[in-house]
There are 2 protein chains.
Amino acid sequence: MPSAEVVSIGTELLLGQVLDTNSQFLAIELAKLGIDSYFRSTVGDNKPRIRSVLRQALERSDILITTGGLGPTADDLTTECIGELLETPLFFDEVIFDQIKKLFASRNFPMPDSNRKQALRPLGSDILHNPRGSAPGLIWKLRQEPLAKIGIKDPERPRLILTFPGVPRELVAMWNEVAAPFLLKHFDAGILWSTELKHFGIGESALAEQYAHLLDLANPTVAPYAGHAECRLRVTAKAHSIEEAQALAKPVIEEIKKGSAYRCYGIDGETLESVVGKLLSQADLKLTVAESCTGGLVSQRLTEISGSSKYVALNVVTYSNQSKIDVLRVSAETLNVNGAVSAECAEEMARGALLLGYADIGLSVTGIAGPDGGIEDKPVGTIFLGLAAKDFYAGKILRLGKASTRSEIRFRTSQEALNMVRLFLLDRTIIAPKPWSTNQKSVVS
Amino acid sequence: MPSAEVVSIGTELLLGQVLDTNSQFLAIELAKLGIDSYFRSTVGDNKPRIRSVLRQALERSDILITTGGLGPTADDLTTECIGELLETPLFFDEVIFDQIKKLFASRNFPMPDSNRKQALRPLGSDILHNPRGSAPGLIWKLRQEPLAKIGIKDPERPRLILTFPGVPRELVAMWNEVAAPFLLKHFDAGILWSTELKHFGIGESALAEQYAHLLDLANPTVAPYAGHAECRLRVTAKAHSIEEAQALAKPVIEEIKKGSAYRCYGIDGETLESVVGKLLSQADLKLTVAESCTGGLVSQRLTEISGSSKYVALNVVTYSNQSKIDVLRVSAETLNVNGAVSAECAEEMARGALLLGYADIGLSVTGIAGPDGGIEDKPVGTIFLGLAAKDFYAGKILRLGKASTRSEIRFRTSQEALNMVRLFLLDRTIIAPKPWSTNQKSVVS
C-alpha cells in the first residue's frame, strides 16, 4: 500500500491566521483510497525550508501532496521549489496561460501581469486541472533517474508529486474531479467505501450508547461524529470493489436506519434543507416562512437548494412588531399582552404566513437570539416555532441556553425549524400533541 | 528570538477524524509572544516515527511543543518517547498520582488502573500543571549535556520541551494559565501586533501590485490574503510593547487606508454587514431588502449583527414572479417583457421595497444563481442589483461567471449588495452614474 505525506505551505498557517482544513480533508480522502499517511508537515514561505521539507517527504513517502503556494504573488514558491529540488527547469506553458487569460476575461477583470507566473511548470510534469480557479496544479510521476540525481534514498521506488492551491473550494474540486480518480487508477488499490447516516434530535453520546455494540466492529467500522447542531454515524467498509463494500455495510446501515427511525434524516451530502425540499417537491406543497430572530436564515437555507422555486414562492423577515402586524396580520393585542416572543405570536405569524404566501404550510420563528434582549422568564435562547397548515397547528418552544452565541442559537433554531417541517411531511402525528406540549394552548388548534 | 515547533501526535489526526485546531491556537499564541515558528509536524501513534519527528524538531527549533499522546491508553506514547529519545528513565511521581486520584474521587468515578501511567515523567523534567484534566504535561529545560549525549546539533543552544494533552479545553487552559506566563518570563521576548485591512472590490494580485513596495518591508511586514469574496492586507509589527508596535505600523496603515480609499471597508473583526450596520445606525436610516436569487442571505447577514433591529424592520424574499407583483408591486408588463432577471425588475423591486418597508433605502437582488436557469444573454451568474432612496436610484449588473457554484454566486452577490449600501451611505456619488452604466436606463432616476 502506498504512503502519502501532505505538506501544507504558507506562513499564514504557521501564524495561525488560517486553520488548515485542507489537511483534514486530504487525510480523510487518502484513507478512503486506502493510502497510508504516517507524517504531515507545515512550512512557511521560505525557499530553503520548503525544499528541505519537500525532500524529506519524498524520502519517507511514495506520494508528496502539497497545498498552497501556487498563487501569483512573490511569496508563492511551491512550483519553483519543486523545480529547484529536482534540478529541473520550469517552462512557460502557453496552454495554462490561455486558460488563465480566459478565466479573467469571463469575470470581466483585467489580468495582472503577476499571473503569468502561474503558467510555469517543470519539464516532465503534467497538469493537474483546476476546474474552479485561475491556476492548475501539477502531477509529476518521478522514476529512478531524477530521484537518484538529487540523492533521494531508495530512488528505484517511484514517487508521485501532486500540487494543489490552498483555497479549499479549488482544492476540493481538483481532488474530487481529477486527483482521486487518477490515484485510484494509478495504484489499483483496494477501496474504502463509506457513508454517513445523519441524525437530528439525538446527541453524539446517546448515539454512541445506542449503537455501542457496533462501534467495535472491524469491517465495516462504525463511528459517531458530532456535527453542526446534528450528529452523524459513519459506516466504512473495506473491499476490492464498491459493490462488495456496500454489501458488507448494508446490514449495519439497515440496523441503524431501523433503530434511529425518524431521527436519521438522511445520508452523506443530504441536509435538512435538501430533505425538506425533496419532501415538499414530492408532495407538491408550497411553504412560506415568516422569520423574526433567525432573520432570513431559514429562507436562505431553503433556497440554497437548486430547484427550490418549486416550493418557495415568498418568505418574509418580519423583524419589527409593526411589520408583524402589517404583513402577517398578527394582532396588536397579542404583541402587547404576550409579546413578540410568545407561543401566541408564533401561532399568528405561522397562520399569517400561510395566508400571505397562498401556501400549504406556514412556518414561523420568533425568539431571542441574544446576546442582549433576554428577560427573566424568557432568557436568551428562548425561541417559539409554529407550523400551520389546513386543519393543523403545532407549536414548539426551544430553550437553547445562554451559553450559546447568537450565531449558534440562530443556526440551531433553523435546524429545529426545518426539522419541524420534515416531521410534519413525514408523519404529522410525530409532532402533535407530544412532545410539543410545553406550549399548552397552541399545541393543536 | 527563540523558535518553536509544534508536533501534533495522534493517528486520528492523520486519518482526518479530528481537525487539528490546537495547532492553530498555539500558532496564534506563539506569534503573540514573539516566538517564531518555521515548521509544524504531525505524526501517528508509532514510537520510532514519534522519536524521529521529536528529534528533528529539537534539532531545528529551540522549543519543542507536543500535543496529544498523554492519555492513559496503550497508544498514548508521548512521554515514553521523550524519555527514550533523551535516554532518560521515567519515574513514578507520587504527587501527580495523588492529583489524578483526587480528580477521579471528585467526579465520583473509580480510577482505572491504566491511569497510573500518567504519573510517569522523565528524571529532570518539571510538571506543567493541568487545571482541567487528569494528567499534567511536562516542562523540561535541557542544557548541553543531555543534548550532546544523543548527538543533537548545536547542543550548546538550550532547548525547552513542553507537552500538552490533545483535548483542546485542557490545552487552552494549560497554555493560558501556566505555559504562556512561563514562556514570557523565561524568554523576556518582545511581542507581535498585527491588524488586517479588509478590502472589497479589488483582487489579491491587484492589491499586491498596488502595494508591492510595502511587501518587502521588514518591520512592519505587509502581506496580502484572499478571503471569502474579499481580500485582506495584514500589517504586523514586532516591538517590546503594543504601543511601540502600533506606532511602527501606523504610517503603513495610513498609507494603505489612503491608497485604497473606499475599497478598504474595515479592519480585523469587521464585516461588510457590521460596517453597513454601523453606518445605518449612525445615519439613523432604515433599510428594506427584497431578495430573489439570494433567497434571504442578505437579510440573514444583516441580522447576524446584534442590535440590527435598529435599522432592519422588514425584509422579503420574493422568489416567484407572482410574489414580486403581489408584495412589491412589480408590474406584470416588466416581468413579461424584460423578465424577472432584468435591470427593470431590479429597479421596481427596490422601489417596491422602499415603500413596503416604510424604509429610507430599498435594496433589491434578482438574478440566476444556477446551476440551472441560465439563458444565452443571461448566463448563470447574471445578477441585477438595485438601490432606491428618496430622489435616488442606482443599479448594477454582475456577471459572476459559470465557473462558480450556486453557493459562491449567492455569497459574492450578497457581498456586492452590502457593499452597494455601504458606498451609498459613504458617498452616493461613488455609485452613480459610473461604473454603474451597464444598465443605461436606470442609472439615475
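How many bridges join strand S10 (residues 221-226) of chain B to strand S11 (residues 231-239) of chain B, and do these strands run parallel or antiparallel? The count is 6 bridges, and the two strands run antiparallel. This is a predicted model.

**The hairpin in chain B**

S10(B) and S11(B) form a hairpin. Between the two strands lie 4 residues. Ala229(B) sits in the turn and has a positive phi of about 55°. Within the pairing, Ala223(B) has Arg234(B) in S11(B) as its bridge partner.

**Chain A as a whole**

Chain A has 445 residues, and 56% of them count as buried. Its secondary structure comprises 15 helices and 17 strands. Along the principal axes, the C-alpha atoms of chain A fill a box of roughly 85 × 55 × 40 Å. Consider the contacts in chain A with a separation of 6 or more: residues 24 or more positions apart account for 67% of them.

**A sheet built from both chains**

An open sheet contains 10 strands, drawn from chains A and B. The order is S17(A)-S16(A)-S15(A)-S13(A)-S14(A)-S14(B)-S13(B)-S15(B)-S16(B)-S17(B). The pairing is mixed. At the edges stand strand S17 (392-399) of chain A and strand S17 (392-399) of chain B, each pairing on one side only. On average, neighbouring strands of this sheet are turned by 10° against each other, direction ignored.

Helix H12 (residues 321-328) of chain A packs on the sheet. In chain A this helix touches strand S13 (287-291), strand S14 (314-318) and strand S15 (361-367). It also touches strand S14 (314-318) of chain B. The direction of H12(A) makes about 150° with that of S14(A).

| Strand pair | Bridges | Direction | A facing pair |
|---|---|---|---|
| S10(B) and S11(B) | 6 bridges | antiparallel | Ala223(B) and Arg234(B) |
| S15(B) and S16(B) | 7 bridges | antiparallel | Leu363(B) and Leu387(B) |

**Two helices of chain B**

Helix H12 (residues 321-328) of chain B packs against helix H14 (residues 343-356) of chain B. Their axes are 9 Å apart, and the packing angle is about 40°. The two helices are therefore oblique to each other. H12(B) passes H14(B) in a left-handed crossing.

Which residues meet here? From H12(B) come Lys324(B), Val327(B) and Leu328(B). From H14(B) come Cys345(B), Glu348(B), Met349(B), Gly352(B), Ala353(B) and Leu356(B). By class, the contact has 6 nonpolar, 1 polar and 2 charged residues.

Thr318(B) is found in strand S14 of chain B. Is Thr318(B) buried or exposed? Its relative accessible area is 0%, so Thr318(B) is buried. Lys101(B) is 217 residues from Thr318(B) along the chain, and their C-alpha atoms are separated by 63 Å.

Glu5(A) has its place in strand S1 (residues 4-9) of chain A. With a relative accessible area of 0%, Glu5(A) is buried. Beyond its neighbours within four places in sequence, the contacts of Glu5(A) include Phe39(A), Arg40(A), Ser41(A) and Ala57(A). Arg60(A), Ser61(A), Ile63(A), Leu64(A) and Ile65(A) are in contact with Glu5(A) too.

Key
Residues numbered from 1 in each chain as written. Chains lettered and ligands numbered in written order. Predicted model: local features only at pLDDT ≥ 70, side-chain atom pairs only at ≥ 80, totals over all residues. Heavy atoms only, no water. Axes fitted to C-alpha atoms, helices over the stretch in contact; angles between N-to-C directions. Parallel < 35°, antiparallel > 145°, perpendicular 65-115°, else oblique. Left-handed = near helix turned anticlockwise from the far one by under 90°. Contact = heavy atoms within 4.5 Å. Nonpolar A, V, L, I, M, F, W, Y, C, P; charged D, E, K, R; others polar. Pairing = 2+ DSSP bridges. Buried < 20%, exposed > 50% of the residue type's maximum accessible area, 1.4 Å probe, protein only.
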